[in-house]
Amino acid sequence: MRIGVDLGGTKIEVIALGDLGEELFRKRIDTPRNDYQQTLAAIVGLITDAELATGQQGTVGIGIPGAISPFNGKVKNANSVWINGQVLDKDIAALLGREVRIANDANCLAVSEATDGAGAGRPMVFAVIIGTGCGSGIAFNGRVHSGGNGLAGEFGHNPLPWMDEEDRQYQAEVPCYCGKPGCTEIFVSGTGFMTDYFRLSGERKKGHEIVEALNQGEEFAELAMRRYERRLARALAQVINLLDPDVIVLGGGMSNVDRLYHTLPDLVNEWVFGGECATPIRKAVHGDSSGVRGAAWLWPQQ
C-alpha cells in the first residue's frame, strides 16, 4: 500500500492506494496554519487514520508547495511559510519510524499523470499547475526530476517570453511576489487571468465567472481569454524549445477551461522553433486528486 499526503495552505489530504492504484482510503482536514508542530501532528494523524482504516502499513510520500533544499535539507520556497527552514522529511520520519519521501506539489502532479494519467507510458511528462499561482514539474519514466538545485520545472518564475507592448504594460503594473519583474506566473496563473480581466473591464470576477461571461459572448471576457491563450502558448513554446517533452499536462483551475485544448496547439506552433510541433497538451486525468495521488506514487511500482 502507498500513502500520499498533500500539504496545502488551507487543507491537508491523505490517500491510500492499493498496488494497482485503486483508492482504499481518503480524508481531508484543515491545515493548522502558522503552527509547525501542529502541522506535523496533523500529517501523522492522517497517516495513522489511513493505516487503521485499511489494516495495512504503507510507504509515505508527501507533496508540499515548496521544495527540499539539496544544500541543507530544509524546506524552501513554500508559500506555507511556517514550514520553510524546517527538516520536514526527517521530522515526519522520526515520528513514524520509517523513511518518508517529499516532493514539490507540481512534481507530484507530473508523477501522478505519468503513472496512470494523461501521460501514462510517456518517458517525459511536463506538468503545469495553473491555479492561484503557476508551478510545474517534470517526470522522467514516472519519477520526479528535481535537478541539482531542486529547481527543475520552476516555469512560473522565468520571464514571459516574446513580450509585446501589452505585456510590458501589464508587467509594469502587476508585480510578482518573488521580487523579479515579468514572471510568467503573473500572466498565466488563474490569478493573472482575473487580474487582466479587471484591467480590461474594471470589474472584479472570479475565474469561473469570467468563463461563464465568455460563454455568453461578453467582449471583455473574450479579449482576456485571447490574451491569456497567447501568453500561455508562448510560455509553453519556450518549454518545448528547451525540453521537448513527450506530453504537457495541465492542472489547476484554469485547466478546466476546455477551450484551451483547442486553441493552444495552433498558437504554440507560432512560437516553437521551426514552426512544427505535435506535442499533445492534455488535461490532468485525476484533476484535483493528482497531487495527492502523485505523492503516493513517489514510491513507484517496481
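## Charged groups over aromatic rings

In this predicted model, the charged end of arginine 234 lies over the ring of tryptophan 271, at 5.9 Å from the ring centre. A further arrangement of this kind involves arginine 231, whose charged end sits over the ring of tyrosine 170, 5.0 Å from its centre.

## Aromatic pairs

Are the two partners buried or exposed? Phenylalanine 126 has a relative accessible area of 2% and is buried; phenylalanine 155, at 8%, is buried as well.

In soluble globular proteins, nonpolar side chains tend to be buried together. The largest nonpolar core here comprises 44 residues, and those with the most contacts inside it are Ile130, Phe155, Tyr228 and Leu236. At least two residues of this core come from each of β8 (124–130), β9 (134–140), α5 (184–188), α6 (190–201), α7 (207–215), α8 (219–243), β11 (247–251) and α9 (260–271). The greatest contribution is that of α8, with 11 residues.

Leaving aside residues up to four places away in sequence, tyrosine 228 touches Ile130, Phe187, Val188, Ser189, Phe193, Met254 and Leu260. A second, separate core contains 29 residues, among them Val5, Leu46, Val60 and Val100.

How values were computed:
Residues are numbered from 1 along each chain as its sequence is written. This is a predicted model: local features need pLDDT of at least 70, side-chain atom pairs count only at pLDDT 80 or more; totals for chains, interfaces and linings use all residues. Side-chain values use heavy atoms; hydrogens and water are left out. A nonpolar core is a set of buried Ala, Val, Leu, Ile, Met, Phe, Trp, Tyr and Cys residues joined through side-chain atoms within 4.5 Å. Buried means under 20% relative accessible area, exposed over 50%, partly exposed in between (1.4 Å probe, protein chains only). Helices (H or I, at least four residues) and strands (E, at least two) are DSSP runs, numbered from the N terminus. Contact means heavy atoms within 4.5 Å. A charge sits over a ring if NZ of Lys or CZ of Arg is within 6 Å of the ring centre and within 35 degrees of the ring normal.
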